[in-house]
Amino acid sequence: MSKVRAVALLSGGLDSSLAVRLLKDQGVEIKALYFYTGFCITEHKRRLGLKREDGQQYVNPALRAAAQLEVPIEVVDIAEEYFNIVLNPKYGYGKNVNPCVDCRALMLKKAKEIMEKEGYHFVITGEVLGQRPMSQTRERLRLIEREAGLEGYVVRPLSAKLLPETVPEKLGWISREKLLGIRGRGRNVQINLAKKYGLDYEQPAGGCCYLTDENYAVKFKEALAVEGSITREDLVLFSVGRHLRLPSKVKLIVARNEGEVKFLKTFKNRYPHAYRKDGKGTFVLIKGSLPEEEYKLVADIVARYSKREPCQVVLCIGGRDIELQGEPLEDQLLESFKIYSKEGVIK
């Protein structure tokens, strides 16, 4: 074979970046794939226009990694199919509402389609044996390959020496001796390699996917318990704002910053909503049929989250604009409406 070619799943994290670098060093021509699911925390913050603690803009980590590794990258939107998987995962959820096995199988299926269509020979991933208990055991790695129809054609450079020999290794396309045998959650080997190669990478602070986030999972489970079903829009809204459940079981989603205000306003033609009349405060999306006796309660919540001062509040309900005087709601009463506590426990 004159040129060995592979597609690589690149998240922008350390493991996937190193996997690409290790096989690029063996002369493999690589095209990176970033799968957009709609649940990437960094990508979501970037879309909201939020900034990092150092004041810099959020950047898609996969695009940054591809530029650093000097490989072409394609962004593949799988959000439509992924929503269905989140709601009905064949292999269930992890610790929270993360369908990791189904997620990985879907990405590999899509990678296979691109591989076959564009004449690549195998798929590269940054998976590490034993790093994640749900999806990175020997049995689950084999299961995911079977589900994707890629048995023997997925190379995992970081743990290759601990896994069965793949077709690319058997055929001599790549050298098994130049691959690694990393196991478990330790990061020392990867960090040292990153220093050796001069790679910058995203720090794994709290995970990169909302579905692994405990507070997100609490909102998901609470909505399912109270409302009996979850929509695709719900899956997006769980990642935004403070969520409150009123005595009537109506839910309020309260924006926490300017980015969330702008984001929630894109839903105002589909949901009742409330805001401070002078535009100086938060924006509240109302999910459900709000009874008239709770109009004043919503106005007081808007006042509480809008500079904690009395203000005129506009409720847009049923095509009508209703003006009310809002008085900041007492914190003790407000706490009783919160769907989750700091510990992520449903109240």
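## The chain at a glance

The chain holds 13 helices and 11 strands (DSSP runs numbered from the N terminus, with helices being H or I of at least four residues and strands E of at least two). This is a predicted model, in which local features need pLDDT of at least 70 and side-chain atom pairs count only at pLDDT 80 or more, while totals for chains, interfaces and linings use all residues. Residues are numbered from 1 along each chain as its sequence is written, and side-chain values use heavy atoms, with hydrogens and water left out.

Along the principal axes, the C-alpha atoms fill a box of roughly 75 × 40 × 35 Å. Of the 347 residues, 52% count as buried (under 20% relative accessible area, with a 1.4 Å probe and protein chains only). Take the contacts (heavy atoms within 4.5 Å) between residues at least 6 apart in sequence: 63% of them join residues at least 24 apart.

## Helix α1 and its surroundings

Let's look at one helix. In α1, 9 of the 11 residues are buried, so the helix is largely enclosed by the rest of the structure. Among these buried residues are Leu 14, Ser 16, Val 20 and Leu 23. The buried residues of α1 pack against β1 (5–9), β2 (29–36), α3 (61–69), β4 (122–124), β5 (154–155) and α8.

## Where α1 meets α8

Two packed helices are described by the angle between their axes and the distance between the axes. For α1 (residues 14–24) and α8 (residues 188–197), the axes come within 10 Å and cross at roughly 55 degrees (axes are lines fitted to C-alpha atoms over the stretch in contact, and angles run from 0 to 180 degrees between N-to-C directions). That makes α1 oblique to α8 (angles under 35 degrees count as roughly parallel, over 145 as roughly antiparallel, 65 to 115 as roughly perpendicular and the rest as oblique).

Which residues of α1 and α8 meet? Leu 14, Asp 15, Leu 18, Arg 21 and Leu 22 in α1 touch Gln 190, Ile 191, Leu 193, Ala 194 and Tyr 197 in α8.

## Aromatic rings

The whole structure has 10 aromatic pairs (rings of Phe, Tyr and Trp, its six-membered ring, with centres within 6.5 Å; planes under 30 degrees apart are stacked, over 60 edge-to-face and the rest tilted). Tyr 216 lies in helix α9 (residues 214–227) and Phe 238 in the loop between α10 (232–237) and β6 (242–245), 22 residues apart.

Tyr 216 and Phe 238 are both buried. They also belong to one aromatic cluster, together with Phe 39, Tyr 82, Phe 83, Tyr 93, Tyr 210 and Phe 220.

How values were computed:
Buried < 20%, exposed > 50% of the residue type's maximum accessible area, 1.4 Å probe, protein only.
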